[in-house]
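My notes follow in the order I made them.

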Amino acid sequence: MPSVLVEIKGCFCTDRSTACVALQRGIAMESREDALTEQRLKGSLDAMIFASGHETLQLFKWTFGPERDHLHLITRDAEGIIEAPQFPAGPFQPPAARDMQLVRAAIATLDEQRTRLRAAVEGLSAEQLNTRYRNWTIRQIASHIADNITNDYVRWKLALTEERPSIKPFDETAWAALPDSTESDVMTSVALLDAAVARMLVLMRSMKESDFDRSYIHPQYEREIPLWHAVALYAWHTGHHLAQIDWVRAHRFT
Ligand code: NI
């Protein structure tokens, strides 16, 4: 069966947003079953859009492309305002195995992201820093980046010094609501990211290839996370939130 691509038009979703990925998955499933009728497809799309966290969006219109291999969706929220996508940089694509080229690329990305965060928030007014992307303000997003990376730094050290240690998850929503997230000078988040990454880079660049097979246990997901996977996740996570700040700057600032 030919694969079916999904294109969302009229909202900021790209083919890498959650909704679209869910849709692609769903449609691929339908294709495999060779039951791609318009009726069934529409039912699946409605269900998947709801499940994807785009529940405030209304699916106004959907049509097939000329070859019926391309689907166009037109969506808007209730006010007709473009809704911020949940994954503006795309979902995390975990590496399948330890690939040192990917590991090195992720390390280089972590290094660069320090400058990217500084450039994204430096000089913004208090009002701009309090502009929301979905639930969080830019100030909270910057703080969340720092919260994560400081936890990552600790997790990395635990994995290097203990055998498959269990790490401690944290409630990111509750953390983002604390005053240090909502009120601190945003440049303290930049400084935290900068310092934690600087320390991690020393560790990462001193590690042998086999050291990246060391791991920690994430009790929340009941999973063992090898460091070659973790470094890709850290780089993706910071990039994901940097893309959110970029999105607010592009779409919400006048
Ligand atoms: Ni996050």
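**Entry 1**

I began with Met100, which lies in helix α3, residues 100-121. The model is a predicted one, and I read it as such. I asked myself: is Met100 buried or exposed? I found 10 C-beta neighbours inside 10 Å, and because the cut-off for exposed is 12 or fewer, Met100 counts as exposed. I also looked up Phe212, which is 112 residues from Met100 in sequence, yet the two C-alpha atoms are 9.0 Å apart in space.

**Entry 2: α3 against α8**

Next I took helix α8, residues 186-206. Its axis and that of α3 are 10 Å apart, and the two helices pack at an angle of about 170 degrees. Angles over 145 degrees count as roughly antiparallel, so I noted α3 and α8 as roughly antiparallel to each other. Their crossing is left-handed. I listed who makes the contact: α3 brings Ile107, Leu110, Asp111, Arg114, Leu117, Arg118 and Val121, while α8 brings Val186, Val190, Leu193, Asp194, Val197, Leu201 and Met204. Sorted by class, this contact of α3 with α8 holds ten nonpolar and four charged residues, and no polar ones.

**Entry 3: α3 against α9**

I then turned to α9, residues 227-251. How do α3 and α9 cross? I read an angle of roughly 25 degrees, with the axes coming within 9 Å. Angles under 35 degrees count as roughly parallel, so α3 and α9 are roughly parallel to each other. This crossing is left-handed. From α3 the residues that meet α9 include Leu102, Ala106, Leu110, Leu117 and Val121, and among those they meet in α9 are Trp228, Val231, Ala235, Leu242 and Ile245. By class I noted 15 nonpolar, four polar and two charged residues in the contact of α3 with α9.

**Entry 4: the core**

Last, I asked which residues of the largest nonpolar core touch the most other members. The core has 36 residues, and the ones I wrote down are Leu117, Val121, Ala142, Leu193 and Val231. At least two core residues come from each of α3, α5 (138-161), α8 and α9. The most come from α9, which gives ten. I kept a reminder beside this: in soluble globular proteins, nonpolar side chains tend to be buried together.

Leaving aside neighbours within four places in sequence, Val121 is in contact with Ile138, Ala142, Val186, Val190 and Ile245.

Methods. Residues are numbered from 1 along each chain as its sequence is written. This is a predicted model: local features need pLDDT of at least 70, side-chain atom pairs count only at pLDDT 80 or more; totals for chains, interfaces and linings use all residues. Helices (H or I, at least four residues) and strands (E, at least two) are DSSP runs, numbered from the N terminus. A residue is buried if 20 or more other C-beta atoms lie within 10 Å of its own, exposed if 12 or fewer, and partly exposed in between; C-beta atoms are placed from the backbone. Axes are lines fitted to C-alpha atoms, for helices over the stretch in contact, and angles run from 0 to 180 degrees between N-to-C directions. Angles under 35 degrees count as roughly parallel, over 145 as roughly antiparallel, 65 to 115 as roughly perpendicular and the rest as oblique. A crossing is left-handed if the near helix is turned anticlockwise from the far one by less than a right angle, and right-handed if clockwise. Two residues are in contact if their C-beta atoms, placed from the backbone, lie within 7 Å. Ala, Val, Leu, Ile, Met, Phe, Trp, Tyr, Cys and Pro count as nonpolar, Asp, Glu, Lys and Arg as charged, and the others, Gly among them, as polar. A nonpolar core is a set of buried Ala, Val, Leu, Ile, Met, Phe, Trp, Tyr and Cys residues joined through C-beta atoms within 7 Å.
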